[in-house]
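Welcome! Take a look at the model below, and then we can walk through some questions together.

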Amino acid sequence: MKKTLLLGCALAVLTGTAFAQEINIVREVDSNNYDPHKSTARAAAESLFMLGDTLVSLEPDMKTVTDGLAKSWEVSDDKMTYTFHLKDGIKFCDGRDMTADDVVYSLKRWIDPETKSPVAWRAGTVKDITAPDAKTVVYQLEEPFSELLYQLTQSFATVIDKNDVEKLGADFGVTGLNTTGPFCWGEWLPRDRMTMTRHEGYNWGPQFYTNKGAPHMAKVTWQIVPEENTRTVALMTDQSQVTQYIPQIAFAQMRNTPTVEVHRSDEAFWTWFIGFKVDKPTVSDPAVRRAMNMAVDQDALARDILFGEVTPAHSYISENALDWDPALNDKLIKYDPEAAIKLLDEAGWKPGADGIREKDGVKLRPNLYIQGGSTWQKLAEFVQAELLKVGIGLDIQVFDATVFWGKVATQEFDSFGMSYPYISAGDALNLYFLSKNIPTPNRMNWNDPETDEWLAEGRRATDDASRAAAYAKVLDKVHEAAVWLPLYHEPMTIVQSVKLEPIVPHNNYGAGLYKGLDLKYRE
Amino acid sequence: MSATDTQTPAAAPQDAAPVHKSWWRALMRDRAAMLALILLTIIVIAAIIAPLIAPHDPNLNSRSVMQPPVWTERGTWEFILGTDGQGRDILSRILYGTRLTLLIGLVAVGIGGVIGSGLGLLASMYPKIDPWVMRLNDMMLSFPAILLGLALVAVAGPGVWPVIVALGIASIPDCARIARSIGIGVMGQEYIEAGRAVGLSDWTIFRRYLLRNSISSIMIFLSLRFGQVILIGAALSFLGLGARPPASELGMMAAQGRDFLLFAPHIATIPSVVIFLIVLCANVAGDALRDVLDPRLKS
């Protein structure tokens, strides 16, 4: 009897210990694959940051670039050559030592036209990437690229294993991925879950983490739960221990729930906006775009629809982001429906019999393409109701995620709903406003030589002041032209079980847990 | 042979007045059916006069989002059934939404009824085309209404009309089967043989005897089908395939309230209850009509 009891106790302790090293994270959607160079999904970044490593990392303040696989680096005076010195003892999950050649292979695959990476431009105009020895990587540019270090913190710059790529072929990032990160690939069941296991012996994580060794968690499961109420309940019932995908409506209740904690970071750059295709008959008129900006009350949107859990946006990037120009703060278009009506009247858009304005036979009824999902549905309906008050009809067209991205790469829409992560003004502006990025991601067809020149100036800048000055000119121009209708800036909010040590939210590419090195149950 | 003689077999209309009175009396005795009919009438009238009685514009938002109904602690008489997640008056949206929901049901059942019944009666009249029509029916039956709706929306885009067309098409096979079986019974009657013997045209036989003697049974089936169509239509709108914002439709309203289910359950519950009531009333009334009109059940 005693033996049985002792065995039972031992089993209970063992089970408890095992459980205390496993964590279940719920999220809204999955990625289409986990090839770092081929997927731009946030879900891919969330997993890749944990599975892999990059040369440099980003601290939670979203401004400081710090160590990653590289312990240090130097930049030449002409800002065209970056020399990275790698840490010692880095190993892939299969036990093989990682060398500078692996870094070179990974970065070259990223920019190789054959890879067809949609984000190759983020690597700058590369002259060559070489490995003079096993611990040194030299990254040479054709022209200075002021964003380079920030871009190298992204999941697209994850170091991968050449053998793995060749062995798996088209299944690379689908059936497996050999990487150097804190966690190793376990199993991926698309649209269901991804599991990853602790990378034993890992001790080359970024220094800003308290944990300098291998992760505390032996196993991490990313569970896909599309329905937001279900995710909320999963957190409240401890079926999941952490998520960043809790609807804003639930935050107040979550804060009062004794079993969970809510952590928010405003050092997060994720902005929701509606973009206008500036050469379409309805929204080609700057007066219309300006009036639409004036007609929508972003403060009410943030307060009533999103329960005060977001920051109303009047600017296209967060005012806390690198290179935002504070001089623009007073020039931003604010809510003023009467001024919107006056502006439309003066521009010749007169209300028709149905209350919708028209001019020269064109009805002011632009369409809006949005992705299916509760958030965009709510936002679009709010904007639609606001615009209706000034005589603008908005024809909302909702598309499933599988169709949406193809639809917004066409020329058939007047406006589109989008949200995006960024790390600086340069990151955001080069993505959306470069003419060579038409039709996507420059879905607005914004084709302005001056903007292109200023963006190039910003990219080539060799000091912070001239870079900021160049981007300030672009920010001023596109805000003045009302190319977008900004809606809100979303902070990073993580809801976690009180059983876990408090989590410091990160926001690199919207991945709140980043490398997950400090995920730990309370003792 | 005179026309009067040919009408003799179809004698039922001559007895129409007393039969009418008797089925109405039978209906009056069925309290559940009466209640359902009264409720359905109120709902239909309210939907028709929605623009006159709706207290607010159903599409305009207010700054009072998720206001609970008047009977709750925080409720106000300004928004009797509360407001939705956009601050729109739920009562006004219910009134307009019921309008659209009923319209979807009526038009879809109309399309399915006319085409399906026509095909079924023709199949019963012409045995040569009967197998073809029925095999076509079998093929159509293999497509569930929701799948058909999804396919149509994929081609035409979301909207009320694709849903109506999908539901109409989905109603055709059932209507055709019912009409065929009723028609076969009618075609076996002696007055049809008599009509043929006196040289009446097919069109006259179809119109004067087959259709007239089948129509009441078909109508009963359609009244039962109406409830199902409303339900499937609401389901398609719930999936985001039907009405497009800012229009209100009961299924869509229930879907919009789904995100607030834990915190403001009235937003999804109220339209769902209205759908439930409409479908229940339509089914109870349809059942009662069948009971009182079907001669086989009279005993």
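## A guided tour in questions

Visitor: What ipTM does the model score?
Guide: Good place to start, since this is a predicted model. Its pTM is 0.81. The ipTM is 0.73.

Visitor: Which helix of chain B has the lowest mean pLDDT among the elements of that chain?
Guide: Chain B as a whole has a mean pLDDT of 85, and 91% of its residues reach 70 or more. Over residues 1–16 of chain B, however, the pLDDT is below 50, although this stretch has 14 contacts in the model beyond near neighbours in sequence. Where pLDDT is low, the predicted coordinates should not be read in detail. Helix α4 (residues 50–53) of chain B has the highest mean pLDDT, 95, and the lowest, 38, belongs to helix α1 (residues 3–7) of chain B.

Visitor: Where on α3(B) do the buried residues fall: within what arc?
Guide: The buried residues of α3(B) are B:A33, B:A36, B:I43 and B:A47. Seen down the helix axis, they line one face of α3(B), because they fall within an arc of 95 degrees.

Visitor: Which element gives the largest share of the side of chain A that touches chain B?
Guide: In this contact, 18 residues of chain A meet 18 residues of chain B. The elements of chain A that give two or more residues are α6 (228–236), α9 (298–305), α11 (374–388) and β19 (395–399). By class, the chain A side has 9 nonpolar, 5 polar and 4 charged residues. The largest share, 7 residues, comes from α11(A).

Visitor: How many Å separate the centres of domain 1 and domain 2 of chain A?
Guide: Chain A is divided into domain 1 (17–264 + 492–510) and domain 2 (270–489). Their contact takes 18 residues from domain 1 of chain A and 18 residues from domain 2 of chain A. On the domain 1 side, these are 8 nonpolar, 5 polar and 5 charged residues. Taken over C-alpha atoms, the centres are separated by 30 Å.

Visitor: Is A:V119 buried or exposed?
Guide: A:V119 sits in the loop between α3 (100–111) and β6 (126–133) of chain A. Leaving aside neighbours within four places in sequence, A:V119 is in contact with A:T40 and A:F156. The cut-off for burial is 20 or more C-beta neighbours. A:V119 has 20 inside 10 Å, so this residue counts as buried.

Visitor: And why does A:S39 count as buried?
Guide: This residue is found in the loop between β1 (22–27) and α2 (42–51) of chain A. Beyond neighbours within four places in sequence, the contacts of A:S39 are A:S31, A:N32, A:N33, A:Y34 and A:A44. A:S39 counts as buried because its C-beta neighbours inside 10 Å number 22.

Conventions
Residues numbered from 1 in each chain as written. Chains lettered and ligands numbered in written order. Predicted model: local features only at pLDDT ≥ 70, side-chain atom pairs only at ≥ 80, totals over all residues. Buried ≥ 20, exposed ≤ 12 C-beta atoms within 10 Å, placed from the backbone. Helix = DSSP H or I, 4+ residues; strand = E, 2+ residues; numbered from the N terminus. Arc of directions from axis to C-beta. Domains from an automatic or database assignment. Contact = placed C-beta atoms within 7 Å. Nonpolar A, V, L, I, M, F, W, Y, C, P; charged D, E, K, R; others polar. pLDDT = per-residue confidence, 0-100.
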